Amino acid sequence: MTDGDDGLLESTVSPYQEVLDALSSLITKRSRGDKSNKRVLFDVLFDYLKMLDLDEPISKMKIIHVAGTKGKGSTCTFTESILRNCGFHTGLFTSPHLIDVRERFRLDGVEICEEKFLAYFWWCWDRLKEKTDEDVPMPTFFHFIALLAFKIFAAEQVDVVILEVGLGGRLDATNVVQEPIVCGITSLGYDHMEILGHTLGEIAGEKAGIFKRGVPAFTVPQPEEAMCVLEAKASQLDVPLQVIPPMDASLLNGLKLGLEGEHQYLNAGLAIALCSTWLQRTSHLEINYLEQTSSLPEQFIKGLTTASLQGRAQIVPDRCINIESPGDLVFYLDGAHSPESMEICARWFSLAIKEDDQQPTLNYQPQDDVGSSRELVQKDYHGTSRKNTTQILLFNCMSVRDPHLLLPHLMNTCASHGVHFKQALFVPNISVYNRVGSHALPLTDLQVDLSWQLTLQRLWESLIHGGDAKNIDTREEGKDDTEKSVISCENSTVFPSLPLAIKWLRDSVRQNQSVRFQVLVTGSLHLVGDVLRLVKK
């Protein structure tokens, strides 16, 4: 506490909170679908690079640039892990962050420490504040974050920079890079259509905007409409474009990929191609894998099997619940938010819970870091009866998404594997679009607008009732005047806040100790981050 001018005590703000407040001031209220000045905003990035003296350092960086709809974060994670295990000093830039903004900047696989982050932040902030004006104002949030990443990687003199595109490609802030070593395009699908276009061809055109003349590029098998556009763009720029099949699992010599899910073999195959080409084009021929198909270098295998990424096919037991068996409330988290990724998520969840159910008991052991996406140790206790399991869905998505595409894909894919949710819980996110950091809302926020969550609930009930939403019975269960009502239907509940939903889950576990609750959290990476923040405290 410090004395204010009026003699009253004022609360002090930590240096880190000061940075988060400064970052929050850069978040604009403009609609994400506003295309009017995207080109102008992108062109101004080159003015910022000059202000920060980053032109030359970026031109010397040995960059791997990755765009795509699904799997670009996983592909970048595999790529970084492989090259780090090859002995290189790595810099990885990804988005979004789940809990802490520093997750976006990783040096040698570890998020940047607070001390360095503060120093580099203020270095960039002070220079931009000094040199910007009405004609060239301060950059927007993501533009500043990208500029900060370039500053960090330049100052830390990393050997390789792996850049994940934030949104699209052509006009993304990461696309100020003029001469990457190699580019990658992951699986394409329908997402951010209000910005990127409403056809796969339009979306592919935006993603292919990261291609640079003569720079080799790789992609995975794509729908024909998307592939035609990628090939045409590559041809225009003399880009050698290769399509990489999924990695053969036998190359891992009996080990498993560090990231869960069959779809990760597609991302791993792309990562192998990117790393091999980077090694070749940077004259590191002592470790290579381009022509071989029968074996992988040991460093590649280690990189692929130890890679870790929060919020994608991640299994986390609730650490806060005070019961004898902490494995009785388990969260299965995946930030899927497109129709295609929702199917993949549903398939992963269905297979993961069946694999878990085959174990007589599960003894979950907390871990402080991300580690494996499956944070559990399974132990077989002879004579112990297997508990019944109940599947719960915890869901939210942004209003620009189409839940009429997302929820049916999720429900139908799970049902095809024999998985049916007993309850679906719909909640608003804690994270708000105009703040950076852990500005958690109180348990209930009387002002929160639940109209979107009620829309999701009506759709869910309609799907369960075969499309007939007319006779859906809802009831309010508010406990007193200070608490906004919980709105329940037969198969679903809308909670006014995420902490209340988590409390309901914990209470349900305590009241039903013969049942193990398996909770799928999906629809939004922001929701996944909020849940992680609450259950991993």
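Two residues are in contact here when heavy atoms of theirs lie within 4.5 Å. With that in hand, welcome to a quick tour of this predicted model. The chain has 537 residues, and 56% of them are buried. It holds 16 helices and 20 strands.

**The chain as a whole**

- Take the contacts between residues at least 6 apart in sequence: 75% of these join residues at least 24 apart.
- The accessible surface of the chain amounts to about 23500 Å², and carbon and sulfur atoms account for 49% of that area.

**Helices H4 and H11**

- Two packed helices are described by the angle between their axes and the distance between the axes.
- Helix H4 spans residues 72–85 and helix H11 spans residues 298–306; their axes come within 8 Å and cross at roughly 140°.
- H4 is therefore oblique to H11, since angles over 145 degrees would be needed for the roughly antiparallel class.
- The handedness of the crossing of H4 and H11 is right-handed.
- On the H4 side, the residues that meet H11 are Phe78, Ser81, Ile82 and Asn85.
- Their partners in H11 are Gln299, Phe300, Lys302, Gly303, Leu304 and Thr306.
- Sorted by class, this contact of H4 with H11 has four nonpolar residues, five polar residues and one charged residue.

**A cis peptide bond**

- Ser95 and Pro96 are joined by a cis peptide bond, with omega at about -5°.
- If you want to find Pro96 in the viewer, look in the loop between strand E4 (90–93) and strand E5 (105–107).

- Asp53 is a residue other than glycine with a positive phi, near 55°.
- Asp53 sits in the loop that runs between helix H2 (38–51) and helix H3 (55–60).
- The relative accessible area of Asp53 is 57%, so this residue counts as exposed, the cut-off being over 50%.
- Asp108 also has a positive phi near 55° and is likewise not a glycine.
- Asp108 is placed in the loop between E5 and strand E6 (110–111).
- Asp108 has a relative accessibility of 34% and therefore counts as partly exposed, as that value falls between the limits of 20% for buried and 50% for exposed.

Notes. Residues numbered from 1 in each chain as written. Predicted model: local features only at pLDDT ≥ 70, side-chain atom pairs only at ≥ 80, totals over all residues. Heavy atoms only, no water. Axes fitted to C-alpha atoms, helices over the stretch in contact; angles between N-to-C directions. Helix = DSSP H or I, 4+ residues; strand = E, 2+ residues; numbered from the N terminus. Parallel < 35°, antiparallel > 145°, perpendicular 65-115°, else oblique. Left-handed = near helix turned anticlockwise from the far one by under 90°. Nonpolar A, V, L, I, M, F, W, Y, C, P; charged D, E, K, R; others polar. Buried < 20%, exposed > 50% of the residue type's maximum accessible area, 1.4 Å probe, protein only. Areas by Shrake-Rupley, 256 points an atom, 1.4 Å probe, with all protein chains shown as cover.
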